[in-house]
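Student: I have a structure open and would like to learn how to read it. Could you walk me through it feature by feature?

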Amino acid sequence: MLYYLIVCRSLTDAQRTAAALERAGITARVLRSPKSIAGEGCSHSVKVSQRSLPDALRVLERAALSPKRIFITAGDGSYQEVEL
Amino acid sequence: MIYLDSAATTLQKPPAVARAAANAINHLASPGRGGHRPAMAASETAFACREEAAALFHVTSPEQVVFTFNATHGLNIAIKSLVKPKNRVVISGYEHNAVTRPLHAIPGVEVRVAEGPLFDQAAMVESFRRELDRGVDAAVCTHVSNVFGFILPLEEIAALCRAKGVPLIVDAAQSAGCLPLDFQALGVAFVAMPGHKGLFGPQGTGLLLCAGEAEPLLEGGTGSQSLSQTMPEFLPDRLEAGTHNITGVAGLLEGIRFVRRQGVEEIGRRESCLIRKMGEGLTALPGLRVFLSEDPEAQGGVLSFLMEGRDCEELGEALGDRGFALRAGLHCAPLAHRSAGTLETGTVRASVSPFNREGEICQFLRAMEGLNKP
């Protein structure tokens, strides 16, 4: 199943992001970013389903929360960055 | 034992605080240090605590709520972030050593004291105005004196600082949880507070509310940007190096929830009633000097007194022998004693929490009557 990972600058930022999405009825889960996308070392991401991303981005914009980067899972288990 | 030393730490806590701390010891790991269930549960607890604190103190984002070990820790971060060598700083005449010692440790800092008589709020505003007009780089002000319970006119002082563009650090050690505190409306740079007093958390907890940039006091692991050898620029990670006191944070979360359920105004009103009853009772006894404000709005849940011809430490000891827990001496605030003229004698200090009962105040007054007889 395809899903998006919204990479956040900190754990608390990821928690704020997930909380904003959940409040808007979008299922969101905080998890540690996979090493291959973490960039500067350890980080946290918020996982959302493929179909939720457009709504999620609207919610985050309204909440003044800026995702650092967004990745989508590829069929082979790797991640591809999504241009915003 | 009747506990009247809540200005040092509250001893009676809501039962949920101890339950949460015990649960944390058994089930919570380290926030941000793993993706497993115990680590994520700890992360959720920490975030819930930040959110509760942000709601209580009207902070825009939970990221601005930083966990510290106590108010002193927060004040050190705030002062060392804002005050540089040779800066000029104005402080009130009722500050604790948690403010004056960090300032003293910064080379060449000129500390100007805004003087004013005890419980005279208008004089304190004028004094701050004068010092701000002379030009300063930063200001530090306690909200409530830990010795006398004097409530400083924080809104007015904050407004003066905003008008002059001077960053203000607030020491809310005695007011957090007992008096309304609106971080956004005040527009201050930092508010430092303990978690273990009016917020009913365990000892070893504190909060620092940050408006903007801050310099870390400690460097180390944060669970973020691990490849970088400098601390992250963003809050709260920038100021939270090392493993969190999650046991304390779990307890603090329940303490803050208790305060929000009870209501800060109700807690403050209750403490004020208790302290006035005590103050009026002590004033009726001969040979006592009682530091009770004529204006109830100028005093929180703290009261100092002295007994003629009796050393304050001896009196505190005698009360302890009779089952009353109070603190005597200088209370780590020699500047406040100098301002009130009690530097030579010190005082005995009683301080209450909403868990105290009127009956306990009556028992205390009877004990004081007994001690006051020749």
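Student: How many residues does the contact take from chain A and from chain B?

Tutor: Two residues are in contact if their C-beta atoms, placed from the backbone, lie within 7 Å. Here the contact takes 13 residues from chain A and 19 residues from chain B. On the chain A side, the elements that give two or more residues are helix H1 (11-23) and strand S2 (29-32), and H1(A) supplies the largest share, 5 residues. Before we go on, this is a predicted model: local features need pLDDT of at least 70, side-chain atom pairs count only at pLDDT 80 or more, and totals for chains, interfaces and linings use all residues. Residues are numbered from 1 along each chain as its sequence is written, while chains are lettered from A and ligands numbered from 1 in the order in which they are written.

Student: Into which domains is chain B divided?

Tutor: Domain bounds come from an automatic or database domain assignment. That assignment gives domain 1 (2-10 + 263-371) and domain 2 (15-262) in chain B. Their centres, taken over C-alpha atoms, are 26 Å apart. Between them, 33 residues of domain 1 of chain B are in contact with 30 residues of domain 2 of chain B. On the domain 1 side, helix H9(B) gives the most, with 7 residues, and that side as a whole divides into 14 nonpolar, 14 polar and 5 charged residues.

Student: What is the strand order of the open sheet in chain B?

Tutor: Two strands pair if DSSP finds at least two bridges between them. This open sheet has 7 strands with mixed pairing, in the order S2-S8-S7-S6-S5-S3-S4. Strands S2 (65-68) and S4 (110-114) of chain B are the edges, each pairing on one side only. S2(B) runs antiparallel to S8(B) (residues 206-210), joined by 4 bridges; one of the pairs across these strands is B:Val66 with B:Leu208.

Student: Why is H8(B) described as largely enclosed?

Tutor: A residue is buried if 20 or more other C-beta atoms lie within 10 Å of its own, exposed if 12 or fewer, and partly exposed in between, with C-beta atoms placed from the backbone. In H8(B), 13 of the 17 residues are buried, so the helix is largely enclosed by the rest of the structure. Just after H8(B), B:Gly263 takes a positive phi of about 95°.

Student: Which residues other than glycine have a positive phi, and are they buried or partly exposed?

Tutor: Let's take two examples. B:His58 has a positive phi of about 60° and is found in the loop between helix H2 (37-57) and S2 of chain B. With 14 other C-beta atoms within 10 Å, B:His58 is partly exposed. B:His331 has phi near 55° and counts as buried, with 23 C-beta neighbours inside 10 Å.

Notes
Nonpolar A, V, L, I, M, F, W, Y, C, P; charged D, E, K, R; others polar.
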